[in-house]
Amino acid sequence: MSPLLEVSGLRKSYPVKRDFLGRVRERSVVTNDVSFTLERGETLGIVGESGAGKSTIGRQVLRLIEPDSGTIRFDGHDVRKFKGKDLLSFRRRAQMIFQDPFSSLDPHMTIRNAVGEPLSIHFGIAGAERDRRVVEILQRVGMREDQLDKYPREFSGGQLQRIAIARALTLDPDFIVCDEPVAALDVSIQAQVLNLLLDLQAERGLAYIFISHDLSLVRYLAHHVIVMYRGEVVEAGTAEELFENPQHSYTKMLVSAVPDPRNRRRRVSVPTGGS
Ligand SMILES: Nc1ncnc2c1ncn2[C@@H]1O[C@H](COP(=O)(O)OP(=O)(O)O)[C@@H](O)[C@H]1O
Ligand SMILES: [Mg+2]
């Protein structure tokens with residue numbers, strides 16, 4: 001069986017200088033020759049400092065932006081060639097959650113509608129059946145039924161990220177690009193959201209691309225890791241290899257900045273109570 005996702009030679013550049021006729025004179029390369037594989041049910045960590053090109057990789061993989069060149073294969077099929085029904089099916093099977101859950105939710109839409117909307121759009125499911133599914137998924141991420149008719153502004157950051165995860169899950173995707181999903185949350189709440197992601201992965205066989213500038217988080221979740229530096233993959237390997245024996249000087253620096261070397265992919269104990 002082919003891997004869930006196979007990315008090869010991904011390149012994306014943006015024009016930075018134009019001449020007086022508006023012709024591009026210089027381009028800035030944001031991702032250069034980026035390649036990796038994501039297996040079903042696993043997590044690929046993408047780590048690197050701000051501006052390294054991490055989000056740009058995620059957006060290309062999901063076909064939110066178009067690469068200059070490179071190939072993206074999903075389940076053996078060329079993502080860049082998807083049209084019509086295939087593209088719609090890909091949009092269902094590949095989801096994304098962002099650093100700022102508030103801006104990813106419509107402020108004028110109740111949680112019930114925000115989480116139910118994808119079900120209507122993709123499957124035409126409405127009414128009691130839609131409600132039943134919405135309640136089930138929201139309860140799974142730790143929300144209560146009596147919170148369903150509230151608006152995003154009535155929730156904390158941790159709750160909003162749970163809601164965004166619920167919305168991503170409603171269509172039963174194969175993988176989710178998690179772009180710095182806990183970077184904006186308090187540290188105590190970060191662990192709760194990360195544990196939720198780990199539990200959902202175990203239950204549903206989800207694959208994740210987990211993007212973070214924080215290597216200690218990547219270590220906690222990822223099976224394989226690529227290290228990005230200025231648009232290029234400078235090191236790749238299993239999380240184990242990378243942490244035990246980093247090769248590139250940038251990776252060495254990242255590893256030496258991580259305080260606790262022991263808690264890889266293990267649940268951490270968190271204070272009880274809601275977020
Ligand atoms: N639409 C765009 N136009 C021009 N430059 C962009 C655009 N999007 C991203 N960039 C640049 O690409 C680089 C990488 O951005 P990004 O992928 O967001 O990095 P990261 O997620 O690692 O912080 C940054 O220098 C950013 O300014
Ligand atoms: Mg980013």
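**Around the ligand**

Start at the ligand: a polar side-chain atom of K54 lies 2.8 Å from an oxygen atom of ligand 1. A word on the source: this is a predicted model, where local features need pLDDT of at least 70, side-chain atom pairs count only at pLDDT 80 or more, and totals for chains, interfaces and linings use all residues. Residues are numbered from 1 along each chain as its sequence is written, chains are lettered from A and ligands numbered from 1 in the order in which they are written, and side-chain values use heavy atoms, with hydrogens and water left out.

Back to ligand 1. The backbone takes part too. A polar backbone atom of G51 is 2.7 Å from an oxygen atom of the ligand. For A52, a polar backbone atom is 3.1 Å from a ligand oxygen. Which residues are around ligand 1? They are Y14, V30, E49, S50, G51, A52, G53, K54, S55 and T56. To be listed, a residue needs a heavy atom within 4 Å of the ligand.

Now the strands. Helices (H or I, at least four residues) and strands (E, at least two) are DSSP runs, numbered from the N terminus. Two strands pair if DSSP finds at least two bridges between them.

One open sheet has 6 strands, in the order β6-β7-β8-β3-β9-β10, with mixed pairing. Its edges are β6 (94-97) and β10 (232-238); each has a single partner strand, so one side of each is left without a neighbour in the sheet.

Look at β3 and β8. V47 has S212 as its bridge partner in β8.

Helices pack here as well. Helix α7 (residues 187-204) touches β3, β6, β7 (175-179) and β8, and its direction makes about 160° with that of β8. Helix α10 (residues 249-256) touches β3, β9 (224-229) and β10, at about 115° to the direction of β9. Touching, or contact, means heavy atoms within 4.5 Å. Axes are lines fitted to C-alpha atoms, for helices over the stretch in contact, and angles run from 0 to 180 degrees between N-to-C directions.

**The four-stranded sheet**

A second open sheet has 4 strands, ordered β2-β1-β4-β5, with antiparallel pairing. Here β2 (24-38) and β5 (77-78) stand at the edges. Strand β1 (residues 5-18) pairs with strand β4 (residues 69-74) over 5 bridges, in the antiparallel sense. E6 stands opposite R73 in β4. Helix α1 (residues 54-61) lies across β1, β2 and β4, and runs at about 70° to β2.

**A helix pair**

How far apart are the axes of α4 and α6? Helix α4 (residues 111-123) and helix α6 (residues 157-169) have axes 7 Å apart and pack at about 30°. They are therefore roughly parallel to each other, a label for angles under 35 degrees. On α4, the contact uses I111, A114, V115, E117 and P118; on α6, it uses I163, A166 and R167.

**Last stop: R93**

R93 sits in helix α2 (residues 84-93). Not counting residues up to four places away in sequence, R93 touches F74, D75, P173, D174 and F175. One of these stands out for its detail: the side chains of R93 and D174 make a polar contact, at 2.4 Å. A polar contact is a pair of N or O atoms within 3.5 Å; within protein, one must be able to donate a hydrogen and the other to accept it, and residues adjacent in sequence count only if both atoms are side-chain atoms.

Notes: Angles under 35 degrees count as roughly parallel, over 145 as roughly antiparallel, 65 to 115 as roughly perpendicular and the rest as oblique.
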